[in-house]
Every structure is written in C-alpha cells, then in structure tokens.
Amino acid sequence: MLKILLLGEKSKTGTSVKNVFTRDYELIGLNSNDFDANDFKYVESIIKNIKPDILINCVAKNGIKPCENDPTDAFTLNTLFPKHLAQLSNDLNFIFIHFSSD
C-alpha cells in the first residue's frame, strides 16, 4: 500500500485531494496545526520519520492582499517551501506533487 503524506490537508485544495485518496492508500494528512512550513528542518524531520512514497503539497499563502501585506511569508511558503520539498524528494526518493491555486 502506498503511503501518501498530504501537507495542507485542511486547505481547499488539500480537502479535495484528501477525498480522492480515501481507499487503497495510507494517507497521512498534516496542516498548519501540526507543523510550521517556515521551519524547513522540522518539516524535513517529519518527512524522514513518515517515509512517504508520495508527498502532496497543498500549503500556500493565498490571495493578493495577504501576499502583498506579507511578501516575505508569501515568498517563503509559495516558493522556498516547494523548492525545499523538491530537493528532499530527490534526496529521500519520494514522488513530489505540488499544487498551486493562484
């Protein structure tokens, strides 16, 4: 059985993705209450502990105004975080899927 780690499970996209993978997969969903996406080392330790076959990222800073009001956080969540996950997918040999809604 494939193990899927879904980051941002409570987001709109994450909820939709979660509904698709309800059977035939071991789905582990995490959200902002479970981890801080700005803490790359902690996220890396979570991934190393779970050892997913597939990681689906639905974490994002959405909306024009919130991104304009905090461009540093928007850049970190929407650019650096996915880049870090992509690098980890190469290092730890899991499939990485990233969704961007904006």
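Helix H2 covers residues 40–50, and its buried members are Val43, Glu44, Ile46, Ile47 and Ile50. Viewed down the axis of H2, these buried residues fall within an arc of 160 degrees, so they line one face of the helix. The model is a predicted one. The buried residues of H2 have several partners: they pack against strand E1 (2–7), strand E2 (25–30), E3 and H4. Turn to the other side of H2, and Lys41 and Asn49 are exposed. After H2 comes Lys51, where phi is positive, near 55 degrees.

Lys41, Glu44 and Lys48 are linked in a network of salt bridges. For the whole model, the count comes to five salt bridges.

Next, look at Glu9. Its salt-bridge partner is Lys18, and the closest N and O atoms are 2.8 Å apart.

Another salt bridge joins the side chains of Asp73 and Lys61, at 3.4 Å from N to O. This pair links distant parts of the chain, 12 residues apart. Asp73 sits in helix H4 (residues 71–92). Lys61 sits in the loop between strand E3 (54–57) and helix H3 (64–69). Both Asp73 and Lys61 are buried.

Now compare Glu68 and Lys65. Their side chains meet in a salt bridge too, with an N to O distance of 3.9 Å. Here both residues lie in helix H3, three residues apart, about one turn of the helix. Are Glu68 and Lys65 buried or exposed? Both are exposed.

The next stop is empty space. Rolling a probe the size of a water molecule over the atoms shows where such space is left. The largest pocket holds about 250 Å³. Which residues lie nearest its centre? They are Gly8, Asn31, Ser32, Val59 and Ala60, out of 16 residues that line the pocket. By class, this lining has six nonpolar, seven polar and three charged residues.

At 41% relative accessibility, Gln87 counts as partly exposed. Gln87 and Ala37 are 50 residues apart in sequence, and their C-alpha atoms are 15 Å apart in space.

Ile95 belongs to strand E4 (residues 95–98). Leaving aside residues up to four places away in sequence, Ile95 touches Asp53, Ile54 and Leu55. Ile95 and Asp34 are 61 residues apart along the chain, with 22 Å between their C-alpha atoms.

Finally, return to H2 with these elements in mind. Both E3 and H4 are among the elements that its buried residues pack against.

Technical notes: Residues are numbered from 1 along each chain as its sequence is written. This is a predicted model: local features need pLDDT of at least 70, side-chain atom pairs count only at pLDDT 80 or more; totals for chains, interfaces and linings use all residues. Side-chain values use heavy atoms; hydrogens and water are left out. A salt bridge is a side-chain nitrogen of Lys or Arg within 4 Å of a carboxyl oxygen of Asp or Glu. Helices (H or I, at least four residues) and strands (E, at least two) are DSSP runs, numbered from the N terminus. Buried means under 20% relative accessible area, exposed over 50%, partly exposed in between (1.4 Å probe, protein chains only). The arc is that of the directions from the helix axis to the C-beta atoms. Contact means heavy atoms within 4.5 Å. On a 1 Å grid over the protein atoms alone, a cavity is a set of points where a 1.4 Å probe fits but cannot get out, and a pocket is an open set with protein on both sides within 12 Å along at least five of seven lines; lining residues have an atom within 4 Å of a point. Grid points are joined across faces, edges and corners, and a volume is the space filled by probe spheres set on the points. Ala, Val, Leu, Ile, Met, Phe, Trp, Tyr, Cys and Pro count as nonpolar, Asp, Glu, Lys and Arg as charged, and the others, Gly among them, as polar.
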